[in-house]
Amino acid sequence: MNQLELIPTTNPTPEPVVEQPRPGSRADRMRKPLAKDALKQLAEDNGVCVRPLALRRTDTATGQTEVVEVPCGATMAAKCKPCAERGRRLRIQQIREGWHLADEPAVRPDSPGEDALALVRVRAHLEFEREALHYQPMTPDERAAQIADVDTAIGELDEALAETSLRGHLTPKERDERPRRKRSTRRRQDSPDLPRLPVDPRTVGRAYAAKTGKTHRPSMLVTLTLGSHGPVHAHLRRGAYVAPCECGKRHGPYDDVLGTPVDPASYDYRRAALDAIHFARVLDRWWQNVRRAAGWNVQYAGAVELQRRLAPHAHFAVRGTLPRRLLKQIAAATYHQVWWPRFDELAYPVDKPPVWDVDRQAYVDPRTREPLPTWGEALDALEEPDSRPAYVARLGRIDARGIEQGTKDADRSIRYVTKYVTKDLTDQAKPRTDPQKAHFDRLHAELSVLPCTPTCANWLLYGVQPDGVKPGLTPGRCTGKVHQRSTLGFTGRRVLVSRQWSGKTLADHRADNRSWVRAILAGGMADTEANDQAADDTDGPNRYRFELARPEDPDVPPLEHRLLRSISARIRWRADLDTARLRTAANTAPLSPAA
């Protein structure tokens, strides 16, 4: 036996032979692709909305009517992938333009005109007269009649103010004369104090000058997470080394138990559910504390995602830099107090909740027939000096790193922040294995019986009538966003952008993109858009009236025909745009020495 025979050989495993179905059989027909799937895939590949809306546009000047199509504008890829990707690219553009700004993006409002000031002056006199009616001697009926007349005049004046150039509302829309409940603003004794500085209106971070004379204006990428609710199985990788988990084992990146509790019996599902419900309010308090402690108007843009343990966390691109020690101090001192009635233990089971009494117009105990305390009565009990909040939500760990402008880390961080904005909150943490599904179901079961708002029907399970009580409430089946499986407790906005981030909205970025395309084409399309805009400015914004066209209307073609035409138009448009870009690049290129 020679040495070559001793060397082990690795023969490739033969691929399994797939038995082809008989031509013409049902199995052979079922394997063929569907025509509608091919149309949808082609539309998605070319960025065409797969479910456009047909609108009927009527010209009020000429009476001409035509059917126009607009994209659905969906933000979730499960509904319309092209529209969701288009929105994601706009978010990327918005974050990139506002992250490392050197100049202030804020636009100072103009001074109001004399016509607006005259209306506000009359509005002030009406408010004074309305309040004076409460002190004049008259019968209650006369006072109510005169107040109604003044309110009518105030309503007419508010309509006149709405037609002026003033932005916003002068007063709240509804007059609430109920006494406001005041809470103490004193910080909790178990939270560290924070430095409180006067907030400077600037939004641009500090610039640093290097020895070479180059100016650096770094920014940050900040990740905020909630505290631990119990040890969970995790894949802890530090370079090439995989650290052992809390259970003592080393898990792979696709282990079946990743994200699930090590001990489900001791895992605090109630606190995990409550932290998810109030996470959005904790983020608001966090940014308020950051601006007060930093002393300037810090701007941010980010998104909220779910961790593998099904707890929400947020990634933010922050303009400017702050010391990490200060950020950790702010995170430790950030909290949100929930001043609700106590809901520690269930007073009634889900299958035997309080019932509605028609005569009393209230929910009563099913055994004693005594009415439950109202929402106002339950809040009155919190006015005692020794009362405590029902729950206190806090932040957990914070991770911050500096990002330089124009580097690969900046582009990678923007993609990292926006990678899941086109999916539902639970899509990236979707359970795949039985332990993960059990963890998901257990957390959702806890969320189904917790109150989400003062009007939630689940307050009946804790012996309190919700605010604005009405018949037909079913505890355990509240339709609020908190209790849905697609959100898993989080109720706030997925994408969070501060007002002075880039000084533009998504509509402004879309207009900039259209202007860029018209500048590149520099042909009939640009002239047509300019003429249309000039006609709209001349005739006024109310020249056209839009209404949703019905699919059964004779002038509305089927969806498949409209998609085919849109795909063809998009392909031709892309070809024209590429040709125009090449022509523009050739015209602006410098001449070679040979020329």
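Mentor: Let's start with Arg26, which sits in helix H2, residues 26-30. Keep in mind that this is a predicted model.

Trainee: Is Arg26 buried or exposed?

Mentor: Exposed means over 50% relative accessible area. Arg26 has 60%, so it is exposed.

Trainee: Okay, now salt bridges. What's the general idea?

Mentor: Side chains of opposite charge can pair when their charged atoms come close. Searching the whole structure turns up 21 salt bridges. In one of them, Asp553 meets Arg56, with N to O at 2.8 Å.

Trainee: Where do Asp553 and Arg56 lie?

Mentor: Arg56 is in strand S1 (residues 53-59), while Asp553 is in the loop between strand S16 (544-548) and helix H15 (559-588), so the pair ties together parts 497 residues apart in sequence. Arg56 is buried too, at 13% relative accessible area.

Trainee: What about Arg130 and Asp151?

Mentor: Their side chains also meet in a salt bridge, 2.7 Å from N to O. Arg130 belongs to helix H5 (residues 114-132) and Asp151 to helix H6 (residues 140-162), so this pair links parts 21 residues apart in sequence. Arg130 counts as buried at 9% relative accessibility, whereas Asp151 counts as partly exposed at 30%.

Trainee: How far apart are the closest N and O atoms of Asp268 and Arg271?

Mentor: They are 3.4 Å apart, in another salt bridge. Asp268 is partly exposed at 31%, and Arg271 is partly exposed at 29%.

Notes
Residues are numbered from 1 along each chain as its sequence is written. This is a predicted model: local features need pLDDT of at least 70, side-chain atom pairs count only at pLDDT 80 or more; totals for chains, interfaces and linings use all residues. Side-chain values use heavy atoms; hydrogens and water are left out. Helices (H or I, at least four residues) and strands (E, at least two) are DSSP runs, numbered from the N terminus. Buried means under 20% relative accessible area, exposed over 50%, partly exposed in between (1.4 Å probe, protein chains only). A salt bridge is a side-chain nitrogen of Lys or Arg within 4 Å of a carboxyl oxygen of Asp or Glu.
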